[in-house]
Amino acid sequence: MSTPILQVRNLTKHFPLKNALGAKTGQVRALDDLSFTVHKGETLGIVGESGCGKSTTARLLMQLIAPTSGEVMFEGKAVGSRDLPLKEFHRQVQMVFQDSYSSLNPRLTVETSIAFGPQMHGVSEREATARARDLLSRVGLEPARFAGRYPHELSGGQRQRVNIARALALQPRVVILDEAVSALDKSVEAQVLNLLLDLKEAFDLTYLFISHDLNVVRYISDRVMVMYLGQTVELGQTEAIFANPLHPYSQALLASMPSMDPDHRTEAPPIAGDPPNPINPPSGCRFHTRCKFVQAACSANAQQLFASKGFEHHVACEFFELNANKNKVFKEKANQPLAETAL
Amino acid sequence: MISTPLPLSIAPVEQSPGYWSGVLRRFAKDRVAMFAGAVVLILVILALFGPWLTPADPYQSSMLKRLRPIGTDGFPLGTDELGRDMLSRLMVGARLSLFMGITPVICAFAIGATLGILAGFVGGWVNSIIMRTIDVFYAFPSVLLAIALSGALGAGIGNALLSLTLVFVPPICRVAESVTSQIRSRDFVEAARASGANAFAIIRVHVLGNVLGPIFVYSTSLIAVSMILASGLSFLGLGVKPPEPEWGLMLNTLRTAIYTQPWVAALPGLMIFITSMSFNMLSDGLRSAMDVKQ
Amino acid sequence: MSPASSATSAVTIENLRVTFAGGAAPVRAVNNVSLRVTRGETVALIGESGSGKSVTLRSLLRLHPAKKTQMSGQIEVGGRDVMAMNASELAAFRGRVASMIFQEPLLALDPVYSVGDQIIESIQRHMKVSRSEAHARALKLFEQVRIPSPERRLAAYPHEMSGGMRQRVMIALALACEPELLLADEPTTALDATVQIQILLLLRELQSRLGLSIIFVTHDIGAAVEVADRIAVMYAGEIVEEADVRTLMRAPRHPYTQALLQSRAHGSLAKGTRLATIGGAPPDLANLPPGCAFAPRCVHVEPACREGSIAIAALGPTHQARCRRTHEIVWQHTAAAKA
């Protein structure tokens with residue numbers, strides 16, 4: 001059975017906005033009351049658009065920024081408590097950043113960068129270097145050729161392999177991948193995705209995979225969490241979400257994926273406008289300003305994530321069943337000859 | 001010897017030429033900078049060995065041989081208002097002049113870089129306290145500040161050095177703060193924090209290597225200013241005291257001869273000009289050699 | 001070129017070569033590219049970084065610094081010889097006959113002027129109209145690109161707008177002087193998924209309504225399928241395959257195109273299956289191998305592929321590929337349909 005490894009409870013992060021004199025003028029509500037659980041051995045994908053709080057979530061989980069409120073538990077122990085000091089937590093949970101160049105020190109050789117982490121945890125320089133070489137070969141970079149190189153001598157894909165090796169150098173149990181393949185070319189992305197799957201099996205890892213690319217998330221994740229403006233709108237098994245998205249936002253997001261079939265191009269944008277600014281998010285359900293099923297109650301009631309169809313599929317929309325029927329009608333309409341929607 | 005218990009031996013790997021060897025290679029290709037470097041090298045040799053290289057005694061005055069023109073027999077660069085050999089005095093003067101120019105910059109580098117890196121790395125109220133204090137000093141023009149401090153502290157080499165140091169701490173501190181906060185926001189520093197490293201280790205391994213170079217280059221560009229300011233202080237009688245040969249002071253004492261022997265009187269000024277130009281070109285060359293997209 | 005073809009062709013590129021000097025070794029970014037775009041047609045140039053797609057696009061406006069760039073070949077846009085233009089002719093050409101939209105509108109728009117002023121300024125630079133006429137035209141453009149409350153938005157500054165809105169402004173600015181040709185350089189790459197599809201559909205709509213020719217550069221095959229009539233696949237500065245969008249998606253014949261389509265992560269893959277990947281890395285443009293540039297990574301390679309350049313060969317009325325073995329290579333159709 002699935003055992004929780006990482007639990008997030010009511011995690012909230014508000015960044016205060018200050019004017020030139022330092023007086024508070026407002027706040028960016030980057031993350032509001034986020035709760036979820038990552039199970040041992042799974043890959044949990046987090047998708048959403050800019051401003052949805054997915055990267056803030058990664059940084060909060062890594063304790064790189066302090067939460068406004070809420071807590072993170074690792075194997076039942078609160079992170080930063082006496083049971084689980086931060087340093088020990090960092091040995092267990094590591095992160096790979098999006099920008100492969102910015103995340104490597106340009107003045108250090110590849111192996112020095114990888115060996116840095118273990119040395120901080122009391123591993124001797126010699127052993128840390130040996131571990132770095134071993135990891136380099138594990139991520140497909142021949143140590144004899146690459147260990148002594150500097151980041152600028154590597155391609156983007158090779159640098160991201162080094163970043164993955166660096167994250168694995170502490171022998172962590174959980175790896176957070178924050179848009180780790182987003183900056184790579186498609187053919188290189190495929191190589192790195194394969195590598196991630198291989199490493200997951202070899203080291204028995206748990207992944208938290210954050211991305212805006214729905215195809216990639218669908219490919220790699222066991223479960224998917226959809227975020228919108230700092231909140232979770234839907235969480236469930238990957239196939240359940242992709243085959244039958246319940247939240248109107250998830251539906252719109254999935255329908256926004258470009259068609260790969262020239263005979264069935266997208267006919268009309270599934271949703272209008274841009275995501276609103278998280279500085280002053282809409283009241284009630286934050287999606288109500290763009291939702292095509294919006295009702296009077298939506299702007300008043302904040303929506304809680306609740307389970308539907310058993311415990312596997314959670315959705316933060318109380319009208320989802322009603323919407324499902326409307327959607328059916330909508331779809332039938334869409335299949336009619338295109339007269340009114342003609343451009 | 002006890003054999004290592006490690007399963008993996010550390011075999012030699014292909015070592016890429018490091019960043020600094022690349023800088024050196026690019027610097028060597030820069031002709032202007034290499035020329036300036038050669039001039040600076042000559043000046044440093046003069047400063048170190050000047051007293052043993054001079055053709056005549058730089059302190060030996062003679063009322064009979066005052067203000068001889070350039071090219072006089074025995075005095076290739078003429079004599080000053082007390083009949084001392086200009087060539088010898090200029091050579092020996094390199095020592096004090098360079099010392100007065102470089103020392104304050106070195107001291108200011110140590111203080112300014114430390115404060116700036118601290119402010120940039122820690123941020124928050126530490127940053128505010130350091131940087132706002134620095135801003136107060138920054139509000140005064142450097143010449144005015146140097147003269148005011150020197151005047152307040154009293155004449156003398158020590159006080160001149162101290163006041164010049166204080167003048168150069170603020171700009172170096174500002175540069176150090178800005179490059180450090182840039183590096184600090186890079187993901188590799190975040191990654192180092194995420195690996196559980198403490199602030200000291202992060203600064204030592206990840207910050208210093210990336211910020212010291214740019215701060216150093218900026219500081220070398222201040223040497224020229226420092227030399228001019230030090231000469232200015234000596235010129236005003238706030239630095240070196242006669243009869244010590246120092247270019248600024250020499251310029252001051254020779255100014256009475258500006259109508260009788262203008263070329264001789266201009267020589268110390270020429271030396272100051274050449275030296276500060278060379279340091280400037282050297283620092284420009286270093287900057288472009290270090291500035292690579294990688 | 002025959003007069004008949006020039007009448008229908010909006011863009012004709014013949015044997016374009018672009019080489020960047022200035023580095024240690026000259027970088028051959030575009031090698032012998034020929035491409036024709038007819039009036040009212042949308043052609044997508046797809047490829048990975050360093051494939052030369054953006055360089056080709058920028059060459060059409062001669063945007064590369066002349067000092068460090070060697071260009072050869074012919075470029076004709078709407079019957080005008082772009083390669084022969086002098087500075088003032090180029091200034092009149094850019095924005096008026098052909099205009100460009102970029103990946104990051106925030107960098108392309110001037111932060112100190114309101115977006116309306118920028119559009120009015122552009123209209124008045126190319127057309128002899130009064131300011132109030134230009135303003136009216138700007139307003140109409142904003143309605144055309146579906147900017148809500150356009151009158152108010154004209155007075156806004158770029159930083160006050162969202163990413164999608166800025167890209168709409170960028171498109172309005174590009175269309176301000178009724179160009180014949182729109183050049184789009186990854187216009188949706190920096191946008192969120194729900195905004196990207198809106199912009200793609202807007203481009204499609206504007207293209208059909210205004211009869212524009214569009215060259216659309218992207219690395220995203222999905223975006224290309226949404227807007228393009230024809231797709232040209234670039235690799236190492238060459239067009240390796242070119243076909244109408246249906247043929248390219250259904251029956252690609254060049255090994256690189258096939259590999260590109262297969263390496264995509266898509267919905268129908270079983271959990272845990274590995275993606276088909278292209279081994280190796282793209283070649284160094286300063287040091288291209290002889291023969292086919294894709295040969296070192298190609299699964300169908302044979303010794304002859306590494307010798308001599310390979311001509312692009314017609315495979316059908318609208319389909320051509322640059323490969324010696326197209327007749328032997330069969331496309332294993334995988335269900336790459338939309339999830």
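1. A quick term before the sheet: two strands pair if DSSP finds at least two bridges between them. Helices (H or I, at least four residues) and strands (E, at least two) are DSSP runs, numbered from the N terminus. With that in hand, strand β1 (residues 4-18) and strand β4 (residues 69-74) of chain A pair in the antiparallel sense, over five bridges. A:Thr12 sits opposite A:Ser69 in β4(A).

2. Some ground rules. This is a predicted model, in which local features need pLDDT of at least 70 and side-chain atom pairs count only at pLDDT 80 or more, while totals for chains, interfaces and linings use all residues. Residues are numbered from 1 along each chain as its sequence is written, and chains are lettered from A and ligands numbered from 1 in the order in which they are written.

3. Back to that sheet in chain A. It is open, has four strands in the order β2-β1-β4-β5, and the pairing is antiparallel. β2 and β5 (77-78) of chain A are the edge strands, each pairing on one side only. Helix α1 (residues 54-61) of chain A packs on the sheet and touches β1, β2 and β4 of chain A, its direction making about 70° with that of β2(A). Here, axes are lines fitted to C-alpha atoms, for helices over the stretch in contact, and angles run from 0 to 180 degrees between N-to-C directions. Two residues are in contact if their C-beta atoms, placed from the backbone, lie within 7 Å.

4. Chain A is assigned domain 1 (4-221) and domain 2 (246-335); the bounds come from an automatic or database domain assignment. Their C-alpha centres lie 30 Å apart. The contact takes nine residues from domain 1 of chain A and six residues from domain 2 of chain A. On the domain 1 side, strand β2 (residues 24-39) of chain A gives the most, with four residues.

5. Now the inside. The largest nonpolar core has 174 residues, and A:Ile176, A:Leu208 and B:Ile172 have the most contacts inside it. (Such a core is a set of buried Ala, Val, Leu, Ile, Met, Phe, Trp, Tyr and Cys residues joined through C-beta atoms within 7 Å; a residue is buried if 20 or more other C-beta atoms lie within 10 Å of its own, exposed if 12 or fewer, and partly exposed in between, with C-beta atoms placed from the backbone.) Helix α3 (residues 86-122) of chain B gives the most to this core, with 17 residues. Domain 1 (4-221) and domain 2 (246-335) of chain A both give residues to this core, so it lies between them. Leaving aside neighbours within four places in sequence, A:Leu208 is in contact with A:Val38, A:Leu44, A:Ile46, A:Val174, A:Ile176 and A:Leu177.

6. For chain B against chain A, the contact takes 26 residues from chain B and 37 residues from chain A. On the chain B side, α7(B) provides the largest share, seven residues. That helix is mostly covered, with seven of its eight residues buried, including B:Phe188 and B:Val189. Just after α7(B), B:Gly196 takes a positive phi of about 90°.

7. Chain C touches chain A too: 43 residues of chain C are in contact with 37 residues of chain A. The largest share of the chain C side, ten residues, comes from α9(C).
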